[in-house]
Amino acid sequence: MGSRTLTGPQLFLLGGSFLITLGSFAVLPYMSVLLHDRFGLGLGVVGAVLAVASLVQFSGGVVGAALAARIGLRATMLVALVVRTAGFAAFVPGLTRPVVAVTALFLVSCGAALYLPANKAYLVAGCGPERRPGLLAASGSAFNAGIALGPPAAAPFVLTSPAGLFTGVAVLFALVGAGHVLLPSVADEGVGVKDTTVEDKTVEDRTGEAAGVAAGVAAGSGLPPFAFTVLAVYVFMFFQHYLALYAVPRTSTAFYGAVLMGYAILLVVAQPLLARRLAALPYATALRLGFGAMAAGTAVLALGGRAGIAVGAVLLCLGEIVLFLKNDLEALARSAAPSATVFGRQRLAAGLGAFAAAVVGGQLYGVAERAAAVPVFWLVVSAQAVVLPALLVVWARGSARRRAGDGPVAAHRPR
C-alpha cells in the first residue's frame, strides 16, 4: 500500500502510532527495574502490579470502545492522550514516591486502553474491505517499529536521568495529542455484515450454513475471532514472557537482543507485504497456518542453541503476523457493530490471553526448571498450539450444527 493511497489524517495517525509506542516503550520495559531496584518493591509485588496494569491496558479496550460510541473517535483519542500524558508526567514526582509511580503506571495503562480501539477505528473509517488489510498492517508496523526502537533509545537515560526521560516522553505525548486536535471528525459505523436472524433464513440458507461449519463457525458469529484471538495471544505470550529466561543462559544477552531486533524488523517489513494475501485466505486456512507456525516455532525452541532459538523466533513471528491481523479482519467482517467496538473486544480477548499465559506459564516453567527439563516447557506450549484451537473448532462446529438443526423449530416459535 503506497503512501499515495493514504489520506493526510491516516498518515498522521500512522506517524503518531510510531511516536506513541516509541515513547511508551522507552519507559514501560524498564518498569520492573525501577519498581524493584529504585523503590525496593519485592518481585512478587512488582509482578502483581505489572500483571494488573497489563490486564487493564488490554481489557480496558471495551471501555474505550464504549467511550468512542458516546463522544466520538477523535474525542476519545484526545482523552486517552491527555490521560497518558498525565501518567508519564506523574512519573517524575513518582521517582521519590512509590505510590505515585504505581498510580502513574495505571494512568498510562488506562490511556492505552482508551486509545487503541478509537485509533484503529478512525484509521479504517469509510474504507472498504479491500483497503482495511493494508491499513491495519501498516498500523501494526508503525506500532512495532516504535516498540523495537523505544528500549534502546531510552537505555542510556532510564537509570542515570529518569526524570529527564519521563519529562521528554510526557512532552512527546502532549505534542502528539495537540496534533490530534486538528484531525477532522469521522463517523464510526459498522463495517461488517449484519447477522441474519433465524426467522429471516430460508431452508436453503440453513443448508448452506450447515455446510459451512467446516470453516469453524456459522457466518456472522462474533465469538470465534474473539476466542481464537484469546488462544493466539495465550500461545504467543509464553514466547514473549519466557524467551529471555530460556535464551540468555544458553546464548548471550547480545544474541537475545539481536533476536528481538530481528523479530521486530521482520514483523515491520513482512506484515504489510503479506496483508492482501492474508486477507484473501479463508479463515480456516489462516488459522491452520498461524497456529501451525506457532506450534512449529515453539517446538524448534526446544532444540536450544542459537540456530534453534533464531529459527523458532522467525516461525513465531510468522504465526503472529497471520493470526493477529487475520483475527482482526475476520472480527470486522463478521460484525455489524461499530469498528471501535470490534477492536475493543479484540483487545479484551488479547488481555484475557495474556493474563492466562502469565498465570499458567509461570507454573509450567517453574515445574520444568525444577525438573531440569526446560526444553519440555516449549514442547508443552507447542502441543497447546495444536490441541486448543482444534478443540475450539470442534466445539464451534457442534454449536453451528445445533443452531442449524434448531432453525426450523425456532422459525415457528411465537414472538
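User: Which residues line the largest cavity?
Analyst: In this predicted model, the largest cavity is lined by Met-31, Leu-34, Arg-38, Phe-39, Phe-91, Gly-94, Leu-95, Ala-101 and Phe-166.

User: What volume does the largest cavity have?
Analyst: Its volume is about 50 Å³. A search of the whole structure turns up one cavity of 30 Å³ or more.

User: Which helix gives the most to that lining?
Analyst: Helix α2 does, with three residues. Both α2 (31-38) and α5 (73-94) supply at least two residues of the lining.

User: And how does the lining split by class?
Analyst: Seven of the lining residues are nonpolar, one is polar and one is charged.

User: Switching to charges. How many salt bridges are there?
Analyst: The count is two salt bridges. One joins the side chains of Asp-328 and Lys-120, at 3.0 Å from N to O. This pair links distant parts of the chain, with Asp-328 in helix α13 (residues 305-334) and Lys-120 in helix α6 (residues 98-124), 208 residues apart.

User: Which residues form the other one?
Analyst: Glu-330 and Arg-334 form a salt bridge, and their closest N and O atoms are 2.6 Å apart. Both residues sit in helix α13, four residues apart, which is about one turn of the helix.

User: Are Glu-330 and Arg-334 buried or exposed?
Analyst: Both Glu-330 and Arg-334 are buried. Asp-328 and Lys-120 are both buried as well.

User: What about the surface: which residues make the nonpolar patch?
Analyst: Met-261, Ile-265, Val-269 and Leu-273 make a nonpolar surface patch of about 380 Å². Leu-273 belongs to helix α11 (residues 253-280).

User: Why does Leu-273 count as exposed?
Analyst: Leu-273 counts as exposed because its relative accessible area is 66%, and the cut-off for exposed is over 50%.

User: Where is Pro-272?
Analyst: Pro-272 is also placed in helix α11. Pro-272 is partly exposed, with a relative accessible area of 33%. Between Pro-272 and Ser-141 the C-alpha to C-alpha separation is 7.3 Å, although the two are 131 residues apart in sequence.

User: Last topic, backbone angles. What is phi of Ala-372?
Analyst: Phi of Ala-372 is near 55°, a positive value in a residue other than glycine. Most residues other than glycine have a negative phi.

User: Where does Ala-372 lie?
Analyst: Ala-372 is in the loop between α14 (339-370) and α15 (374-411). Ala-372 is exposed, its relative accessible area being 71%.

Technical notes: Residues are numbered from 1 along each chain as its sequence is written. This is a predicted model: local features need pLDDT of at least 70, side-chain atom pairs count only at pLDDT 80 or more; totals for chains, interfaces and linings use all residues. Side-chain values use heavy atoms; hydrogens and water are left out. Patches are made of residues with over 30% relative accessible area and no salt bridge: like charges are joined within 9 Å, nonpolar side chains (Val, Leu, Ile, Met, Phe, Trp, Tyr) within 5 Å. Accessible areas come from the Shrake-Rupley method with a 1.4 Å probe; for residues, only the protein chains shown count as cover. A salt bridge is a side-chain nitrogen of Lys or Arg within 4 Å of a carboxyl oxygen of Asp or Glu. Buried means under 20% relative accessible area, exposed over 50%, partly exposed in between (1.4 Å probe, protein chains only). On a 1 Å grid over the protein atoms alone, a cavity is a set of points where a 1.4 Å probe fits but cannot get out, and a pocket is an open set with protein on both sides within 12 Å along at least five of seven lines; lining residues have an atom within 4 Å of a point. Grid points are joined across faces, edges and corners, and a volume is the space filled by probe spheres set on the points. Ala, Val, Leu, Ile, Met, Phe, Trp, Tyr, Cys and Pro count as nonpolar, Asp, Glu, Lys and Arg as charged, and the others, Gly among them, as polar.
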